Amino acid sequence: MSNTTPLQQVVIVGGGVIGSAIAYFLASHPSFGGNITVIERDPTYAQASSALSASSIRQQFSQPVNIAASQFGIGFLRNIKEHLAVDGDVPDIGLTERGYLYLATETGAATLRENHSTQRAHGVDVALLTPAEAQQRFPWLQVDDLALASLGLSGEGWFDGYGLLMAFKQKARSLGVQYVKAEATGFAHSNGRVSAVTLQGGAQLPCDWAVNAAGAWARPLLAGTGLDLPVYGRRRCVYAFASPAKTPGCPLVIDPSGLWFRPEGDLWICGLPPAQDHNDVPLEVDYDLFDQAWLTLANRVPGFEAVRMQRAWAGYYEYNTHDHNALLGPHPHLPNLLLANGFSGHGLQQSPAVGRGLAEWMAEGAYTSLDLSPLAAQRLVEGRTLLEKNVI
Ligand SMILES: Cc1cc2nc3c(=O)[nH]c(=O)nc-3n(C[C@H](O)[C@H](O)[C@H](O)COP(=O)(O)OP(=O)(O)OC[C@H]3O[C@@H](n4cnc5c(N)ncnc54)[C@H](O)[C@@H]3O)c2cc1C
C-alpha cells in the first residue's frame with residue numbers, strides 16, 4: 001500500500017523566493033504526489049523584492065519563531081550546494097558570515113538587553129559589548145554616543161539573494177514544477193474552499209491547494225475572500241557607495257538611527273527607513289535620502305566623510321502593518337488557501353523555513369519539523385499581535 005497522498009493540484013501565485021522555496025520543498029517532499037504550478041507574471045523579476053533585497057540573514061530577532069526560522073535558514077544556506085544542485089550545476093550564493101552589529105544609545109540599551117536574553121535562551125551565538133569593547137574590535141567605529149552593542153558571533157551575514165531565488169527555481173523545475181507566465185487575478189471559492197486560481201483573461205486553474213506568495217502585491221488578490229490583508233508595499237532604497245575608508249572585519253552595522261550599512265565587494269551598501277512611510281509608492285530611488293544617510297554614516301565611521309554613491313535601487317518591503325511579521329498558513333476562512341505574506345524585510349532569510357513549513361502543511365497536514373503556527377494569519381481575526389521589535 002502506498003502512503004502517498006492522492007494526486008494533488010497545487011497552484012502557487014508568485015514565483016519569487018517564497019513561492020519558489022515552497023515549490024521546491026513540496027516537490028521534494030516524500031509524501032507529496034501531485035502537480036505544482038507556479039504563476040509568475042514577470043520572469044525577469046524586475047520589481048520582485050527577492051531581486052532587490054539586501055539579502056542578509058541574522059539570528060538577532062526578538063521573537064523565538066523568527067530565531068528558529070533563521071537557525072534553519074543559515075544551516076540551509078551553508079549547505080545549499082547539497083540541497084539545490086541540479087545535474088552537477090552547483091549554486092554559489094557567496095554566503096559571507098560576518099555578523100550583525102546592533103548599536104544602542106541609552107534609550108535603546110534596555111531593549112537590546114531584553115532581546116539578548118531571549119536570543120541566548122534560544123541558543124543564539126551573540127555577545128553584548130560595551131562601547132569600548134566594540135571599538136576595540138572595530139577601531140574605525142565612533143562609539144562616543146553609545147551605551148551598548150550586540151554582535152552576532154556566528155550564523156549571521158549576507159549572500160546573493162537573487163542567486164538563492166534562481167537556485168530554488170531551477171531545482172523546483174528539475175523536480176517537475178511548472179512555471180507559467182501569467183497574471184493571477186484572485187481565488188475562486190465556494191462553501192469555504194478555493195476551487196481555482198483565476199487568471200487575467202478569465203481562465204481558471206483548478207486546484208486542491210492554492211498559495212498566495214505574491215509579495216507586495218498579495219493584498220488585492222484576496223479581495224472577496226473576507227480577509228483584508230494588512231500587507232502593503234513600502235519602498236526601501238539601497239545605496240551602494242565607494243569610500244577611501246578602511247573598515248576591516250565590518251559586519252552589518254545597525255545604527256541607533258535605523259540606518260544600516262555593510263560591505264559589498266569593494267563597496268558598501270546602506271539604507272534607512274524614510275521619515276514618513278507611504279504605501280505602494282512607485283519604485284523610484286529617493287536620492288535625497290542618501291544625503292541624510294551620509295550624515296549618519298560620517299558620524300558613525302569618520303572615514304565615511306568621503307563617500308561617492310555608485311548606484312542605487314528601490315524595492316518593496318511587503319510590509320505587515322499589523323505587527324511586522326509573516327502571515328503564514330491557512331486563510332482564516334478558506335483552509336486550502338495558504339498565505340505566505342507580510343515578511344516585512346526578512347523574507348529572504350526565512351524562505352527555507354517557510355518553504356519547508358508550508359510543504360509539510362500540504363503534504364502532512366501539520367508543521368512537523370518547526371512549528372510556525374505563531375505566525376498563523378488567524379491572529380488577524382482574533383485581534384492578536386506577534387510584534388517583532390527588531391525590524392530594520
Ligand atoms: C531593499 C530591501 C532590502 C531587504 N533586505 C532583506 C534582508 O537583508 N534579508 C531578508 O531576509 N530580506 C530582506 N528583504 C525582504 C525580502 O527581499 C523579501 O521579504 C522577499 O524577497 C519576499 O519574497 P517574495 O517571494 O514573497 O516576494 P517577491 O520576491 O516580490 O516575489 C513575488 C512575486 O510575485 C509575482 N506576482 C505578484 N502578483 C502577481 C500576480 N497577480 N500574478 C502573478 N504573479 C504575481 C511578482 O511578479 C513577484 O515576482 C529586503 C527587501 C528589500 C526591498
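Domain bounds here come from an automatic or database domain assignment. Keep in mind throughout that this is a predicted model.

**View 1. The ligand sits between two domains.** Domain 1 takes in residues 8-88, 160-230 and 322-382, while domain 2 covers 100-155 and 232-320. Both of them give residues to the shell around the ligand, so the ligand lies between them.

**View 2. Glycines come nearest to the ligand.** There are 40 residues around the ligand, and the ones that come nearest are Gly14, Gly16, Gly215, Gly315 and Gly347. Sorting the shell by residue type gives 19 nonpolar, 15 polar and 6 charged residues.

View 3. Which strand gives the most to the shell? That's β17, with 4 residues.

**View 4. Eight strands line up in an open sheet.** At the edges are β5 (126-129) and β17, each pairing on one side only. From one strand to the next, the twist averages 20°.

**View 5. β13 and β16 run antiparallel, with a helix lying across them.** Here 3 bridges join β13 to β16 (residues 267-271). Look for Ala240, which stands opposite Ile269 in β16. Helix α8 (residues 288-300) lies across β13 and β16, and also across β15 (260-264) and β17. The helix runs at about 60° to β13.

Note on methods:
Residues are numbered from 1 along each chain as its sequence is written. This is a predicted model: local features need pLDDT of at least 70, side-chain atom pairs count only at pLDDT 80 or more; totals for chains, interfaces and linings use all residues. A residue is near a molecule or strand if its C-beta atom, placed from the backbone, lies within 6 Å of it. Helices (H or I, at least four residues) and strands (E, at least two) are DSSP runs, numbered from the N terminus. Ala, Val, Leu, Ile, Met, Phe, Trp, Tyr, Cys and Pro count as nonpolar, Asp, Glu, Lys and Arg as charged, and the others, Gly among them, as polar. Two strands pair if DSSP finds at least two bridges between them. Axes are lines fitted to C-alpha atoms, for helices over the stretch in contact, and angles run from 0 to 180 degrees between N-to-C directions. Two residues are in contact if their C-beta atoms, placed from the backbone, lie within 7 Å.
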